[in-house]
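Hi everyone, thanks for making time. Let me put the structure up, and then we can walk through it together.

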Amino acid sequence: MSVFISIIGGSGFVGTALSNSLAKQQVNFRIGDLNKSASYSDKSDILDVRSGVDLKSKFTGDIVVNLAAVHRDDIIDPEEYYSTNVEGARALCKACEEKGINKIVFTSSVAVYGFAPSGTREDGAINPFNEYGRTKALAEDVYRVWREKDPENRSLIIVRPTVVFGEGNRGNVYNLLNQINSGAFAMIGSGKNKKSMAYVENLAAFLVKCIASDEKYAVYNYVDTPDFSMNELVSLVRGKLRGKSSVGIRIPKVIGLMAGYAADVLAKLGVKLPISSIRVKKFCASSEFSSAKGELDGFVAPFTLQEGLDRTLEAEFINPDPDRQIFYTE
């Protein structure tokens, strides 16, 4: 692959996995991020995607992959989502126009669908329930407008990953695994709801495929299958880490929601807790998506979902590496 890739937001979890994949294939790349890349400091620039000055002076390449986003679900000021996710998209499109960059790979999110019906595909209704999903959907529109200005020459691939997990990540999936490992986990609700997940190494491999593809325009959900129900996931992890195959303590959903609403009130008073009503709702909801990823040049994920989970449990809990790079997300 004789192109130069710019990875915006590339110092984080997914960006580092993508950089590792590109480095292994000897593809030239450079990272632009608010933080210096710990793994690729020699290929990293401090860059704010919202800054036209930064993009003008520090941004180059043949293809851009935009991973930059504000995505935590406890951000108090919704303007933070809009300025990075939407205004950042506008600034990046302008920079691409000025520099003659004609291909963008944008990582959006399945959050654009909101609480979607099980099996929602890429043509599913856009119905976000929070500012993160709303601003990701708006950003997609910004990129579509950019492409439509010159559809013969410009290429756009939008990737909507589900929740991403893997070694070194400290997001929601890790927090769940850690709670199970410590014995502090309690199942809220029936646990029959299914959760689509994505292993980071697989997502990185798919992004590499997107970079190499000749597609002019495409949208792909990214999901590793088959989906686990919460009962299946928790039982599997408890069996691996604690030698117990049951889910353990179970709390009715209504009680969990009451605790979440109480935490919401405290959050408005400045007291942040690891629980909220939206997190309880998300935990108890099914988030089961379909993906057409296999249609992109016959893509096959390098790992099964079970293998990705096993690799994560091994690296984080069974045989942990104290020097592993850690990424705090969500």
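Three bridges, 3 in the count, join E2 to strand E3 (residues 44-46), and the two run parallel. Strands here pair if DSSP finds at least two bridges between them, while helices (H or I, at least four residues) and strands (E, at least two) are DSSP runs numbered from the N terminus. Within that pairing, Asp33 stands opposite Ile46 in E3.

Before going on, the ground rules: this is a predicted model, where local features need pLDDT of at least 70, side-chain atom pairs count only at pLDDT 80 or more, and totals for chains, interfaces and linings use all residues. Residues are numbered from 1 along each chain as its sequence is written, and side-chain values use heavy atoms, with hydrogens and water left out.

On to the other neighbour of E2: strand E1 (residues 4-8) is joined to E2 (residues 28-33) by 5 bridges, again parallel. The chain gets from E1 to E2 through helix H1 (residues 13-24), in a right-handed β-α-β crossover. Right-handed means that, with the strands pointing away from the viewer, the path from the first strand over the helix to the second runs clockwise.

Now the rings. What is the geometry of Phe29 and Tyr40? Their centres are 5.3 Å apart and their planes at 80°, so the pair is edge-to-face. For reference, rings of Phe, Tyr and Trp (its six-membered ring) pair if their centres lie within 6.5 Å; planes under 30 degrees apart count as stacked, over 60 as edge-to-face and the rest as tilted. Phe29 lies in E2 and Tyr40 in the loop between E2 and E3, so the pair ties together parts 11 residues apart in sequence. Phe29 is buried, at 2% relative accessible area, and Tyr40 counts as buried at 14%. Buried means under 20%, exposed over 50%, partly exposed in between (1.4 Å probe, protein chains only).
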